[in-house]
Amino acid sequence: MSAAISVSGLVKTFGTTVALDGLDLEVCTGEVHGFLGPNGSGKSTTIRILLGLLKADSGRVTLLDGDPWRQAADLHRRLAYVPGEVALWPNLTGGEVIDLLARLRGGIDTRRRAELLERFDLDPTKRTRSYSKGNRQKVALVAALASDVELYLLDEPTSGLDPIMEAAFQHSIGEMRARGRTVLLSSHILAEAEALSDRVSIIRAGRVVQSGTLRELRHLTRTTVVVETERPMDRIGDVPGVANIVHEDGRVAFDVDTDHLDDAMDYLTPLRITSLVSHPPTLEELFLREFGDRVVAAEEEAAR
Amino acid sequence: MTALAGVRPLLRFMLRRDRVYLPVWVLGIVAVTYASLSAVRGLYDTPRAIAAYASTVAASPASIALAGPPFAMDQIGGILIYETSLTALLGVALMAVFTVVRHTRREEDAGRVELLGSTVVSPHAMITAAVLVASLASLLVGLGVAVSFLVEQQPLEQSLLYGASIAALGVVFTGVGAAAAQLMSHGRGAIGVSLGVLALAYGVRAIGDVGESRLSWLSPMGWSQQVGVYELDRWWPLGLSALFTGGMFVLTVVLESRRDLGSGVLTPRAGPAAAGPLLSGVVGLSWRLQRGALLGWVVGVVAMAALLGSFSESIEDMVAENPALSDVFAAGAAETLVDAYMAISLLLLGIGAAGFAVSSALRMRSEESSGRLEPVLATGVSRGRWFAGNLLVTLVGTVVLVVSGGLGLGLSYAVTSGLPAKAWELTRASLVYLPAVLLVAAVGVLLFGWVPRLVAVVWALVAFAFVVAWLGELLEIPARVADLSPFSHLPAVPTEAVTAGPLVLLSLVTLVALAGGWLGFHRRDVGAGA
Ligand SMILES: Nc1ncnc2c1ncn2[C@@H]1O[C@H](COP(=O)(O)OP(=O)(O)OP(=O)(O)O)[C@@H](O)[C@H]1O
Ligand SMILES: [Mg+2]
């Protein structure tokens with residue numbers, strides 16, 4: 001399969017801040033690619049370089065077989081972009097902004113526009129200054145999704161959306177995938193990327209630290225459980241998929257592979273659970289747990 | 001919870017936030033007043049000069065419409081007030097409106113009030129604190145103006161009365177701004193409504209003053225001027241201001257109790273659900289964003305030009321009435337003097353147009369820093385097309401503005417003098433200013449291309465050009481320094497003949513600056529952080 005986006009050794013600095021530090025990224029044509037990383041890790045910077053808005057210090061970037069810095073406008077007719085922070089012209093209505101951006105890109109599918117407005121429950125007659133953050137984001141989303149292009153670059157497109165709209169968004173991305181479009185979806189919400197992506201790349205401190213299909217990264221989606229039971233949990237370590245067990249005044253904390261969550265519950269239930277807290281790992285936790293040593297080593301190396 | 005809970009900490013918070021903003025306003029207004037005060041006082045230091053002033057300037061309806069009712073024109077104090085009250089009154093009213101809206105409606109727009117509202121604050125604490133801040137600032141302006149008059153050796157009572165009349169208008173417009181902030185659903189709308197009230201107050205008193213009718217008493221600005229310092233010396237018209245302000249505050253509290261946080265009493269109209277055919281390219285977008293501002297500028301400049309043109313009459317009268325002057329200039333004296341006056345008027349209008357040109361060119365930067373440029377450049381629009389499209393709108397707008405200034409001046413002169421040819425003559429003359437106006441804007445574009453964070457520096461050039469043009473001779477600015485203003489190189493049309501040399505040179509420098517800006521813009525990072 002050919003690559004819609006191919007980046008290698010990308011470096012970008014702002015003064016003394018190193019935003020990207022030798023980033024490699026490969027997005028295949030026709031896939032939904034999750035681009036994950038904590039705040040300030042360089043997701044938006046990468047996307048801006050892909051759009052030719054920022055000039056890379058060094059590294060090689062190919063987008064739709066072109067050079068985004070030199071051929072920006074030509075390439076942009078074949079892609080749609082949703083910025084992370086959506087700023088709109090306060091005097092224009094949402095409908096006007098959608099049409100304007102689509103026209104600047106080269107046309108709009110009016111039937112699809114109407115469909116998306118309905119799906120995202122967006123009133124196009126309101127001035128954008130009176131939209132909430134989520135509604136501004138919807139304007140940008142409708143403008144992007146109503147254009148029939150090869151590649152969608154979405155920078156945390158759902159950070160302001162409520163759960164119903166999040167579902168509408170996921171439905172739309174499903175349609176894109178079915179039509180063979182390529183999507184680069186930046187996010188720091190693991191669950192969203194998990195639901196949508198064929199492959200994900202995880203970025204931290206300007207470098208991709210992990211990249212692969214979700215199956216390959218399955219071990220990342222562990223759940224942390226803190227549990228208290230009436231009878232002792234001596235044999236919790238024997239349950240498949242359980243790791244990182246910590247005993248702490250009567251309570252036990254452990255991580256379990258999501259695949260084996262019910263095995264753990266089967267073991268715990270007969271012991272009479274008195275309290276239980278569980279949460280999926282945050283990205284930060286993942287990094288610290290999975291790549292802690294490597295990241296520290298890399299940072300030390302960078303500091304030298 | 002008492003009605004005033006939370007006012008005190010809010011007040012402290014607002015004053016802290018405004019520790020630069022308010023001093024700039026207050027000191028700015030007082031400084032401008034003081035500067036013109038001492039300049040005017042130096043100008044009219046003989047009884048003859050004062051008498052000439054009374055019979056010419058203060059007898060012209062245009063000047064009365066502009067400045068206010070002429071009181072005590074037989075003494076220097078009356079002239080001082082006649083010459084300084086316009087800037088002080090308008091300044092204090094604008095300051096009050098901007099301050100009050102800034103701390104109420106704009107805060108709500110930004111969603112910061114919800115944060116405060118969840119802490120212990122009584123329902124009207126925010127507006128109360130904002131009103132106190134704006135009123136305090138108005139009083140300080142009044143005090144500053146009074147002190148300026150004292151420094152210029154005017155009597156205590158008159159100085160205080162004049163200062164109080166200025167402060168009163170500030171307080172009145174604090175009330176207007178507060179009520180408008182409840183009425184409209186956004187800061188922009190609230191400021192628009194308040195400025196509309198100010199324009200109405202100004203217009204009503206202008207008509208009233210010219211016709212010497214009671215109409216002036218319907219305007220808050222009229223109340224401040226009807227104290228008649230040095231002639232009537234009465235305080236009671238300010239009681240009307242106080243009554244009106246009280247009414248505004250009651251209205252504010254009533255309106256605020258009736259509306260939800262974040263919305264206004266009036267809900268905004270729905271707009272079009274789809275973009276019209278004009279809104280389809282870079283030029284269409286830029287035009288859409290700037291047409292309102294351009295219209296405002298054109299109206300303002302034409303009004304200003306018409307006013308300036310109408311003064312030609314009083315200049316002719318002055319020469320006719322003054323045999324000494326007629327002797328010096330011999331035949332055609334009036335026309336020469338009027339031409340010189342027109343040259344200065346054109347120069348001022350030109351610098352005004354530079355203000356528009358710069359603000360229009362710098363729209364590129366505000367589009368960028370607000371984050372609105374990124375999505376545009378992420379479409380099929382190239383940097384070059386966006387840059388050129390925006391500058392095209394700036395160019396067209398600037399030409400329209402310069403021409404309307406010349407046309408307004410010329411028409412008004414033609415009507416007052418009965419010489420129709422003047423209209424065309426002055427319109428053509430105004431075009432001479434175009435290269436200098438565009439050069440100032442091009443400097444802004446150059447900065448935008450290379451050091452986008454510093455674009456505002458170009459305003460210093462506009463201010464410098466203004467100072468050189470207006471005060472250059474008075475301050476004896478050396479020619480080498482004055483030459484840094486592009487306007488210094490232009491022939492003073494219509495007095496001097498047009499020569500191609502400087503115009504061509506300025507145009508070339510403009511093109512070079514634009515090309516430099518273009519180059520820089522193509523090489524640099526683009527975006528809110530750049
Ligand atoms: N214009 C700029 N000037 C200076 N530093 C910048 C600029 N833009 C980004 N940075 C820095 O570069 C780093 C990467 O920022 P970036 O916006 O790409 O992160 P991100 O992954 O998108 O974060 P988030 O999840 O918060 O959106 C951060 O440390 C940020 O502070
Ligand atoms: Mg980001």
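What is the strand order of the open sheet of six strands in chain A? The order is β5-β6-β7-β3-β8-β9, with mixed pairing. This is a predicted model, in which local features need pLDDT of at least 70, side-chain atom pairs count only at pLDDT 80 or more, and totals for chains, interfaces and linings use all residues. Residues are numbered from 1 along each chain as its sequence is written, chains are lettered from A and ligands numbered from 1 in the order in which they are written, and side-chain values use heavy atoms, with hydrogens and water left out. Ligand 1 sits in a site shared between chains, because residues from chains A and B surround it.

- Strands here are DSSP runs of E with at least two residues, helices are runs of H or I with at least four, and both are numbered from the N terminus.
- Two strands count as paired if DSSP finds at least two bridges between them.
- Axes are lines fitted to C-alpha atoms, for helices over the stretch in contact, and angles run from 0 to 180 degrees between N-to-C directions.
- Strand β8 (residues 199-204) of chain A runs antiparallel to β9(A), and six bridges join the two.
- A:Ser201 has A:Ser211 in β9(A) as its bridge partner.
- A:Ala205 lies in the loop between β8 and β9 of chain A. A:Ala205 is not a glycine, yet it has a positive phi of about 50 degrees.

**Three-stranded sheet of chain A**

- An open sheet of three strands runs in the order β2-β1-β4, with antiparallel pairing.
- Its edge strands are β2 and β4 (58-63), each pairing on one side only.
- The twist from one strand to the next averages 15 degrees.
- Nine bridges pair β1 (residues 3-14) of chain A with β2(A) in the antiparallel sense.
- A:Ala3 has A:Cys28 in β2(A) as its bridge partner.
- The hairpin of β1(A) and β2(A) has two residues between the strands. A:Gly15 in this hairpin takes a positive phi near 60 degrees.

**Ligand 1**

- Which residues come nearest to ligand 1? They are A:Gly40, A:Lys43, A:Ser44, A:Thr45 and A:Glu156, out of 14 residues around the ligand. A residue is near if one of its heavy atoms lies within 4 Å.
- The shell residues divide into three nonpolar, nine polar and two charged. Ala, Val, Leu, Ile, Met, Phe, Trp, Tyr, Cys and Pro count as nonpolar, Asp, Glu, Lys and Arg as charged, and the others, Gly among them, as polar.
- An oxygen atom of ligand 1 is 2.5 Å from a side-chain N or O atom of A:Thr45. For A:Ser44 the corresponding distance is 2.7 Å, and for A:Glu156 it is 2.8 Å.
- Taken alone, ligand 1 exposes 640 Å², and the protein buries 67% of that. These areas come from the Shrake-Rupley method with a 1.4 Å probe.
- The elements giving two or more residues to the shell are β2 (17-28) and α1 (43-50) of chain A. α1(A) gives the most, with three residues.

**Domains**

- Chain A is assigned domain 1 (3-217) and domain 2 (222-280). Their C-alpha centres lie 38 Å apart.
- Chain B is assigned domain 1 (1-267) and domain 2 (279-530). Their C-alpha centres lie 30 Å apart.
- Domain bounds come from an automatic or database domain assignment.

**A cis peptide in chain B**

- The peptide bond from B:Val493 to B:Pro494 is cis, with omega near 0 degrees.
- B:Pro494 is in the loop between α23 (479-482) and α24 (500-523) of chain B.

How values were computed
A polar contact is a pair of N or O atoms within 3.5 Å; within protein, one must be able to donate a hydrogen and the other to accept it, and residues adjacent in sequence count only if both atoms are side-chain atoms.
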